[in-house]
Amino acid sequence: MKNPINVGIALKQWFKHEHKVLFTAAGVTTLVTTLRLLGILQPLELSALDQIFRLRPPQPPDDRIVIIRLDDSDINALQTWPLTDELMARLLQQVKSYQPRAIGLDIYRDVPVGDGQAQLQQVFETTPNLVGIEKLQDGESVGVQPPAALAERDQIGFNNVVVDVDSRVRRSVLFWQVDGKFHDSFALKLAMIYLQSNEIYAKPAPNNPALLQLGQRVFDRLQASDGGYVRTDIGGYQILANLSRPNSRFQTVSLTQVLNGDISASLMRDRIVLIGSTASSLKDFFYTPYSSSTEGNAQPIPGVELHANFISQILDAALEGRSLIQVIPDPVEFLWIVIWAWIGASLSWRLRLPLRSGLAILLAGASLVGICYLAFLLEWWIPLVPPLFTLIGSAVTMTSYIAYLQEELKKSKEFLNSVINTIPDPIFVKDQNHRWIVLNSAYCRFIGHSLEQLLDKSEPDFLPVEQATLFWQQDNLVFKDGIEQEAEEEFTNANGITYAIATKRSLHRDAAGNVFLVGVIRDITQRKKAEEELKRTAAELVRSNAELRQAEDRLRRMAYHDALTGLPNRELLSDRLNQSLEWAKNHDQLIAILFLDLDGFKQINDTYGHDMGNLLLKAVAQRLTRCLRSSDTVARYGGDEFVVLLPAIPSVQDIARVADKILQTLSQQFILDGKMIPVSTSIGISIYPNDTQDEDELIKKADIAMYEAKGLGKNCYQFFQKDVAFE
């Protein structure tokens, strides 16, 4: 788990390096977002959407819909317009005979025309899958009434079309409420008849009853600022229209062909048949995203084909689960704009050079267009113009700022160069990339290279790796903390001469905010040599003092320890006895003195020689030391005599146990130089304060008791003035 403090420090450092990019991106985003909210960018965004429509591959043909077109050639052939009621009844009867699933009559029939009114009335009444049109009154035109017979059977749908400010159709309307009454659109009415055969009916969406659901697809209602729209009129129940290229998706036959019976019945069986005008003279046309003057084949689309597109979109969603054109939420759109603003500013800030940054921005812009295009292929309308504006705007703003920085940098370098050349010490000035940008002549002489060789370079290009690394670390520390520092380093020039230097580093900023590191170098080689000499002298003094202390310790040891056994001698025994007596007086404790004399030691010397006797004395000393407490003292008193001091001994019984332990330890044979040497000892014991409180008397009485032990047969111990020896 990361330490929150380290994360905070890392974020602080990141913001320090990125704040210019972030501020630029934020400023440009604010400006572009304001333009977006004011609607200034809406025409450009809608034009971009149209271009994506035109670049999209053609949609596959939809064989569920057949259009019967009434064009100028049909009008000329029939020599009549509007079609008489008799001719309209004949047409509908012919279409009805082909058994289509639904028939849509996209021709107004609000008043009788010519003969055949009763015949047409009968067709209307006996064709339940026929849907006529009406035009709802709106702010731009009066309405057109539907055929009365169809209105009575609710077999009508409005054919009103919503157009944008540029007169293009990009939306369709499913429902409209007029005077408190809901009206279905012509396209929805026909689609619902078609879907009933698949047992698909309109129902409210589970998560939002205000939305329509057909099959598994919920029809999200268009909001006023969805996609590239800004405060657009969203009256009725509108969705974004997913239109196809004109004359590319639906099979079309002429009205004359149908009347003459020149088509196959299978063409219309179980399909939706739309009857409508495509005649130029009738001017029933609408502009769509494909209506562009830049394309030679661009043209407005007939109203009947427009409604066919609306129907096809509904059927695709309900039957195939195809998504409607979706838009991203406003917060996501804002983040989308911010990201591209940051990309533009970041690329320009890092690449610096106009040509490189320009190419990078061009590539980023192409990537943005590609992302929006691919998203549209997946039925997503992601705004293109605002992020493109922020990308370019941030790049231009940052490039202008960089140009300003470079101009100020040039002025600062000229000023610094004029100042530092008057100073005799070597001085260097670096940018944030650790490159030398200004050097005085003293520095060039010091390092041994010309100014031309050094500018825009750094220490790794001229110094040994270890020295260059240390310089880089020290510089980076000042850049990071902004605190003036002085450090001692080594510096090897071009001639191979290594100097000891002290470098004082500090940061400086010019009016544009450019940051420089200024370093002043002092040659401290002679001073360092003097310091090293002092260190050597001090080290020698320390070494001499140590040797004196060691000699003193050796003399002290010789004065207080036996040379043969290393045990304390009489002097050290006396000193420790005095200390023990003082402590015992204050704490009411017993002290015991055990005086030991080896039995038969003279005979061992005579038999094996003095060298063997010395080995035996050393071995006895080692055994005595190991079998006693660390607080006890074993001293060699002289010859084969030893004295054991037992301070703070709890009781006489404990003294006796120690004496027994000594007897047992020394009675075990010694193996010395391959020979088994038996030895025993006699022990005399005196006790403070029982026997005496005087130091000399304690030792003397222990000596007396030792002789009493020898008189009792040796290899035993005897307390002072005791008549009975304890074996």
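**Close-up 1. Contact between helices α7 and α9.** F186, A187, L188, L190, A191, Y194 and L195 of α7 touch H307, F310, I311, I314, L315, A318 and L319 of α9, where contact means heavy atoms within 4.5 Å. By class, this contact of α7 with α9 holds 13 nonpolar residues, one polar and no charged; Ala, Val, Leu, Ile, Met, Phe, Trp, Tyr, Cys and Pro count as nonpolar, Asp, Glu, Lys and Arg as charged, and the others, Gly among them, as polar. The model is predicted: local features need pLDDT of at least 70, side-chain atom pairs count only at pLDDT 80 or more, and totals for chains, interfaces and linings use all residues. Residues are numbered from 1 along each chain as its sequence is written, and side-chain values use heavy atoms, with hydrogens and water left out. Helix α7 (residues 186-196) and helix α9 (residues 303-320) pack at an angle of about 40°, their axes 9 Å apart. Axes are lines fitted to C-alpha atoms, for helices over the stretch in contact, and angles run from 0 to 180 degrees between N-to-C directions. Helices (H or I, at least four residues) and strands (E, at least two) are DSSP runs, numbered from the N terminus. The two helices α7 and α9 are therefore oblique to each other; angles under 35 degrees count as roughly parallel, over 145 as roughly antiparallel, 65 to 115 as roughly perpendicular and the rest as oblique.

Close-up 2. The open sheet has parallel pairing and the strand order β4-β3-β2-β12-β1-β11; two strands pair if DSSP finds at least two bridges between them. At the edges stand β4 (156-158) and β11 (251-254), each with a single partner strand, so one side of each has no neighbour in the sheet. From one strand to the next, the twist averages 25°. Strand β2 (residues 102-106) pairs with strand β3 (residues 130-134) in the parallel sense over two bridges, and G104 stands opposite V131 in β3. Helix α7 packs on the sheet, touching β2, β3, β4 and β12 (272-277), and its direction makes about 165° with that of β2.

**Close-up 3. Helices α18 and α19.** The axes of α18 (residues 601-608) and α19 (residues 610-626) come within 6 Å and cross at roughly 135°. This angle makes α18 oblique to α19. F601, I604, N605 and Y608 in α18 meet H610, M612, G613, L616 and L617 in α19. The residues of this contact divide into six nonpolar, three polar and no charged.

Close-up 4. A656 lies in helix α20 (residues 652-667). With a relative accessible area of 16%, A656 is buried (buried means under 20% relative accessible area, exposed over 50%, partly exposed in between, with a 1.4 Å probe and protein chains only). Not counting residues up to four places away in sequence, A656 touches Y717 and F719.
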